[in-house]
Structure formats: C-alpha cells, structure tokens
Amino acid sequence: MVLTWWSGGEDEKKPGKKPVEVTTEQKKEKDQTVPTFTTEELKAIPNEDWITNGGNIYNQRYSTLDKINASNVGNLKGKWMTHLGSGLEFKYSGEASPVVYNGVMYVITGANDVSAVDAKTGKILWKYEGNLPDDLTTVCCGWTSRGVAIGEGKVFVAKLDATLVALDQKTGKEVWSTKVDDWKKGYTITSAPLYYKGKIYTGISGGEYGIRGRVTAFDAEKGEELWRFYTIPGPGETGHETWPSDNDSWKRGGAPVWQTPAVDPELGTLYFSTGNAAPDLDGSKRKGDNLFAASIVAIDAETGNYKWNFQEVHHDIWDLDSPNPVVLFDVEMDGVMKKGLAQAGKTGWVYILDRTNGKPLVGIDEVPVPQDKRQATSPTQPIPKGDPFVPQEVTKDDIKKDAPGYKGKFGKIFDPYWEDPLLVKPSAFGGANWPPSAYNPETEYFYVLGNDTYMSFTRSEQEYKEGTAYWGSIIAPVIEAPVRGTVTAIDVKTNKIAWQQKWDSTAYSGVLTTKGGLLFVGHNDGRFIAYDAKNGKQLWEFQTDAGVNAPPVTYEIDGVQYITVLAAGNSLAGSKHGDSLWTFALDGKMEPLKEKAKADNPEEEKEEEKETVASANEGLKVYEGNCLACHGTAGADGHNGPNLQNSEIAKEASKVIEKVKSGGTTMPAFGEELSEEEINNVAAYITEVVAKKKE
C-alpha cells in the first residue's frame, strides 16, 4: 500500500507541511468521522449525502433533491473537474459510483486506487494506491471496480485481486486487509462492498474461470470472516439436486455475484442476483437447472441462511445471466401496498417479484422452449409478461440489413445450439449488463439500460483447469455488425415500456433519477445526458473528455445541489479513456467540450519512433494491456471480441496493423494511442503466436 498526500506539490511530505484541510463552510463538520450508520440512515432515500453505492440499501439510485429539475436542467454547467491520475491505461475501465458524506467524496478507479475528494471544490485530500499485481491474469471483463463502502470511520475497498481492505476515512491509511480468496484460482472482485449493521458483504466474480460463487460477510471492525453463502449448493443443501449426481461439476459451477446486494431491514433479508453457470456454453456436463446460477437469491442478512430464490434462466447455455443489481421498492398494486423487487436480466426482461417470498408481482409463465438433448436444455423457461427492452430475435431482414456476410444459422432467445454457430439476440453482453438500474417512486418507473447486439454461439469440448478460462467454447460477436443501445422506463405495475430512447451505441453507464423529474445517463462518446423521467424527452447534455461509463450520484452542500460522474472510459465499450471526475451545478461556469470522445485516441502527438524489428514477446505485453479484456487469453476466450485464432485478418501482419490503427464497429482505434513500435509488436504477437494456435 502506498499513501499519497495532495495539496501543494512535490514537497508535501517535508517537515512542517500539514495534510490538506477540508473547507469548513458546510452545515456539518467535515472532520467528523463517518459513523456507524443506523438501519434507518442506510435505508433512507438520499438527500444531502450519498452514503451507499446504490444511494441507499434498496439500491434505488433515486434522490429527493429537486433544485435541479426538468424546468432548469438546461442551465446546468460544470462546477469543477478533477483528474484522478489513475486508470488511464486501456485495460482499465471507469465504472465506479462515488459515495459522499459530510462534504467528502470517496471514489475508486479501474486500477483500484481510491481518492478522497472535497465534494465542493474537487480538491484531492488523500489517495490510496491499490497496487494490483501486474501478473493478474484471471480477469474476465476488464480491470475495474464499481465503488467503495463507508462506515465506522472507514472506507472499505474490495479489490480485483480478491482482497478486502479497510482504510482510515480521514487519512486513507490501511486499517486492516483480508484475503477473500486467491485470484490465481480465478476469484476476483469488481463490485462495491456493502456496509450494514457492523458487517461488510462482498460477492465474488470469476464464473468464467470455474469458481464456486458465494457471498461472504466480514466483521467491519477487524476484517474477520463471519460466514459465507455459496451460490452453488453443496450436498444436502437446497438446490444441490439441480446438479448432476454422477460428477462434481457443482464444485466449479460458477454463479458469481457481480454487484452490490440490497437489504430490507424489516424482513432482515439480503438480496442479490447471480451470474452464469460454468462452463458458460457447454451444458452437457451439468445436467439440471443449475441453481443458483442466473438467479435472484434471498438470504438472512444476519446469518447468511437461505430464504428463497427465483431462477431467471434454467440451465443457462447462452451466458444470459443476471449481473444487474437488484432494486427494492414499495408500490401500491390493486389497492394493496406491495414489497417489490426488480432485476433486469441479460435476457432483456425485467423480473418483478414480491420480495417477501420471491413470487412474481407481475406474471411470469413457464413456457416450453426448443430442445437439444446434447446440451441437456431445460424443457421450459420463465417468460415475464410485459415488454422486453431489447430485441430477442434475429430475423432475415436483420441479416440482410446488418450482417449480409453472415451465412450461418440464426434464431431467437433460448434457441439451442451445438457445434455449428448460431446467431441470436440478446447477446452475452446483454440485455442488461452490470450498469445499475434505478427506481423512481414519483413516476413508479424502473429505468434500465440495454444492449442490442448480435452474438454467435457454439459449443466445444473443454476440460477444466484451475485458474484458466472455462467457457466451453467461444462467444463471438459479428464483425462490423452494428451495435445499439436502449434507455427504457418500465412501469413496475405492468412491466410494460412507458418510454424508450434508442441509441446507435451500447448504453453502458448506469443511471440516476431524482425527485426533480430527471434521469441522468452517460454515453460512450463522452456525453452526459438528462432525460425527462416522465416521458423520456432529452432536456440537456454536456460533452466531457472521455467515455461516461459510470453511474452518476447527486448530493447537496450549503443548499447547492451537485451531480457528479466519473468520465474514464471503458474497455468493453471501446470508449475513450481518461481520469476525470466531473461535477455539475446550476451556478457552474464550465462549458461543454467541443468535440465528442469518438474513440480511445488521445490528442497528444507521438514522437517518431525509430524503426525496429517487431517482437512477439513485447507484443504480448501490449496485447495484455489493450486487447485482453475483449479478445481474451491468446485471442480465444474473450467476452466482447471475436476469436482471433479463427480470424483471417490475424494471419497477415499488414491487415492486423491496419485494424489496430483504424479500429472497427466495436473496436476502438489505437493509431494515436499506441506507438508504431507497439503496434508492430502486437501485430507480430497476433500473427506469429495467436493465429498459429489452431494450426
């Protein structure tokens, strides 16, 4: 751990220098330690502060602040912008929501570096460096973190290398550190931890590496593990019968937990949703429904004991799991107040349940679906009544318009496949992916971001090896096919679309909604956008300097409402990278930038490089820092990029160089990001190593 102090330059640590002191013109003293938040404080809808990752422990991402509203949001301008100085390399993604308490903001970058920031001025107060291992190789979907937690005078950080750390809230110094698991075995953490009643809860990601998922509770004071709930049940536990009895596939069954749980204190229940079963695409080795993969799960918040579950996809072979956070809400339906829960799936449906028992509040029917005995497919799948928020079928017209070069089979959601490619929608990218949804009690709408992309599925034989990717084949997007996104308001009483905005880009940021009648969302091209929460009309936008791929937050200091969002780009979205924390207010003076952030192309000109012989070994380093997140290890187990081992382009260095320089539909251009030497080296690695893997 390295601790850096910021205030007056390089001589900050010299004798006589004092740490930065926060301004004191606020209603509450900033040197007051973050308290042991009460249940009522954690449950309350946020106003002045934003003390949990989701705003409150219902994960609603809704604020009662309304000084910025639909009538005046057009006057919103930048108040301050701070460079965090971290996470600029392409492998990092900026996906974090800040938390705010007593005028101090705590934010984390994709490099797992944490900064405390004066929320009124943007001045950095202290910085903690995460120092992730350079050789961390078990990362499925980019190097990132989605936030931190605060409580009891500490800032809690769940790191990508599967360690949980508590920092002193005033200084950023490490208080304790606990190893959650071993990243070398495939265990990583991308979600923000949850603080509740003296405990820190965290899930584990790594379903693509054959881990056994779980949620673990730790003592907030000392960091000691209290209990763990496995999302793949063991022998004698509820749900174990949904795994084969003739093998031990349950031991590496996946079901990671990608997001921060929600809590209902009155019911004493913790809620979360789970990721894919493992291997993702090969169902032949894991007959049965495979609980609790691709499910919503409720457990006792105090003990971790199982309460109920609802599975969204039985025996998932399409990677149509549930990485979007669970959102809790109370709503009157048919004259009766209901305790609701909503979760947006990669399937493109919102699943609306009664959180007291897991039963549907809006109908969900078990419907027969096409079968393939070789994949051990489920005879039925749960189909929610209402509207999907993305297309769920590839048609002949789609092929003609978007993918004229594709000659294989195509179909719809839940169509099975074997070893011949099948092109379907939604893709494994979603539907709804990790970007958090929101609920507004004023409109009674659930707001969700969706991805409308094509993806080809196949199944292949693969043996499990600890610490290596365990997909059971390759998920492949269609090269040059368009990608689209949706911003959708769903009426929670009917599960039908109230309004929808469609984008010619993935919608990949998360949302914030307010009592001011607004919905805020970020765009890959660097715009930060406000819509009317009631009808979806765009009311405002502001051009930032990098992709806005993180959920915004709002808070109030001295009677002034502020809105903050991280603009740092995203590897899987292919958006321009940066390190900017932008904050907006009605009295702001900063104007929007003039040009959109089209791709990850910094404007700085590169000096001419001397001609050198391309090196595949050096190219591997370039590949790992810029290509691994999308294309995977050796180009073959990526999450959002085509299989380079099967690519004709990968066989010719000149074509690889041109592709790296100019990019493509979903691939950013690296012509100005990488030097000529780096581009030549990565081309050498791809042509000399990756392309020859299948020879």
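A disulfide is counted where two cysteine sulfur atoms lie within 2.5 Å. The structure used in these exercises is a predicted model.

**Exercise 1.** Find which cysteines form a disulfide, and state how many disulfides the chain has by this rule.

Solution. 
- Step 1: The sulfur atoms of C140 and C141 are 2.0 Å apart.
- Step 2: The cut-off is 2.5 Å, so C140 and C141 form a disulfide.
- Step 3: The count by this rule comes to one disulfide.
- Step 4: A disulfide is a covalent bond between the sulfur atoms of two cysteines.

**Exercise 2.** Decide whether C140 and C141 are buried or exposed.

Solution. 
- Step 1: Buried means under 20% relative accessible area.
- Step 2: Both C140 and C141 are buried.

**Exercise 3.** Locate Q60, decide whether Q60 is buried or exposed, and list the residues that Q60 touches.

Solution. 
- Step 1: Q60 sits in the loop that runs between α1 (39-43) and β2 (62-63).
- Step 2: The relative accessible area of Q60 is 6%; this is under 20%, so Q60 is buried.
- Step 3: Leaving out residues up to four places away in sequence, Q60 touches I45, G54, V327, L328, F329, A438 and Y439.

Terms used:
Residues numbered from 1 in each chain as written. Predicted model: local features only at pLDDT ≥ 70, side-chain atom pairs only at ≥ 80, totals over all residues. Heavy atoms only, no water. Buried < 20%, exposed > 50% of the residue type's maximum accessible area, 1.4 Å probe, protein only. Helix = DSSP H or I, 4+ residues; strand = E, 2+ residues; numbered from the N terminus. Contact = heavy atoms within 4.5 Å.
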